Amino acid sequence: MTSYDIVIVGGGPAGLAAAVSARKAGIDKILILERDKELGGILNQCIHNGFGLHTFKEELTGPEYASRYIDQVLEEKIEYRLNTMVMDISNDRVVTAMSKEEGMYQIKAGAVILAMGCRERPRGALNIPGYRPAGIFSAGTAQRLVNMEGYMPGREVVILGSGDIGLIMARRMTLEGAKVKVVAELLPYSGGLKRNIVQCLDDYGIPLKLSHTVVDIEGKEHITAVTIAQVDSNNLPIPGTEERYTCDTLLLSCGLIPENELSNKAGVEMNPITSGPRVDDSLETNIPGVFACGNVLHVHDLVDYVSEEAALAGANAAKYVKNGGKEEKGSHIVEVKATDGARYTVPSTIDVDNMEDLLTVRFRVGYVFKDAFVSVYFDDERVQHLKKRILAPGEMEQVILQKAKLLEAKDLKTITIKIEAE
């Protein structure tokens, strides 16, 4: 059995940033395991711009952003293996992997960083009535076909769901000569960034119908039409609101799910809201030496935040390895909770004695709020009250906590983030 100081599962933006950070923290034996044929992850098919404004202070395409980190991995001579599937991670951090060249083998890791990313919610989870004809794709699959394989899925398109990938593909299909007839969204608000709604739909005259869903799919061999209808407050179709659209393509952009089969199997405690691991402020899971970052932890809106989070995971995994795998947990552990409109927080707990001087707590809201306040409570005392013009589920929010303030609150047990009207 070979051994490495840190094994990183996933060679996408999170895995790459974590590897570079761990190397800069002084760790020599790092291994990235990637199941695809190349590093870069989902960024390789995201050929639109808008990446890197926070990290590199310039606007890049997805492949350009990925190449910045791939270049760093190559410069640092960090080892990586492609076409490699991780099958299992044990409690004592033995990683079982397999590839066509090497068969199945095991690696003993001083620390493991989970960076597997996320996947799209499939049609089977959406309960759409109708046959199962050809011409129905997830938005990400269509993106790969168009941008990397050079295939055009169709010419008359309906999109269900207004996640960012669906919005971006509405524009991409239009630019390739297709007619995008409508984007239907089940919820009364979009799941994507506001800038994507403006740049991908409004700029091209593509209608967005909120509180609508697909109620019928026509065609046996290949899709020929779909019917959408308005839904009520219980998400049930309202009779008489049906609209029929002829089409040869239906794209589904109905949410992303963190890839956590490995994490579940390994016994990692999960957050039921994010479907990702529960982590502390060092991004460590309940299994000592196993860290998580990026979209496998919670779905991000900007890859810049993925890289920032992954760099923290890499640095903390390096610290864990340098300490010989010994935990340095303090006696003052504070729980972080989300309530009253805030859905979840990352992290879920804070080790006050060992936290950084400044800690970013990220969260999402459950619905759209206008002219509301993001409030932070130390137990029952309100310590932050930030006015926000608009809060939307499609955009991640954050608050900054100061270690000095937490140390002053000596008996602090719970930090609560909530949305308040005044």
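Reader: By class, what does the lining of the second largest pocket have?
Author: The lining has 10 nonpolar, 2 polar and 5 charged residues. Here Ala, Val, Leu, Ile, Met, Phe, Trp, Tyr, Cys and Pro count as nonpolar, Asp, Glu, Lys and Arg as charged, and the others, Gly among them, as polar. This is a predicted model, in which local features need pLDDT of at least 70 and side-chain atom pairs count only at pLDDT 80 or more, while totals for chains, interfaces and linings use all residues. Residues are numbered from 1 along each chain as its sequence is written, and side-chain values use heavy atoms, with hydrogens and water left out.

Reader: What volume does that pocket have?
Author: Its volume is about 390 Å³. Of the 17 lining residues, Lys-194, Val-368, Ile-390, Ala-392 and Glu-395 are the closest to the centre. A pocket is an open set of points on a 1 Å grid over the protein atoms alone, where a 1.4 Å probe fits, with protein on both sides within 12 Å along at least five of seven lines; lining residues have an atom within 4 Å of a point. Grid points are joined across faces, edges and corners, and the volume is the space filled by probe spheres set on them.

Reader: Which element gives the most to that lining?
Author: Strand β27 does, with 3 residues. Helices (H or I, at least four residues) and strands (E, at least two) are DSSP runs, numbered from the N terminus.

Reader: How many bridges join β26 to β27?
Author: There are 9, and the two strands run antiparallel; strands pair if DSSP finds at least two bridges between them. Val-374 stands opposite Leu-386 in β27. The two strands form a hairpin with 2 residues between them, and Asp-379 in the turn has a positive phi of about 55°.

Reader: And what joins β26 to β29?
Author: Those strands are also antiparallel, joined by 6 bridges, and Ser-375 stands opposite Lys-418 in β29. In β26, 8 of the 10 residues are buried, that is, under 20% relative accessible area with a 1.4 Å probe, protein chains only (exposed is over 50%, partly exposed in between).

Reader: Changing topic, is Val-336 buried or exposed?
Author: Val-336 is buried, with a relative accessible area of 6%. Its place is in strand β22, residues 333-339.
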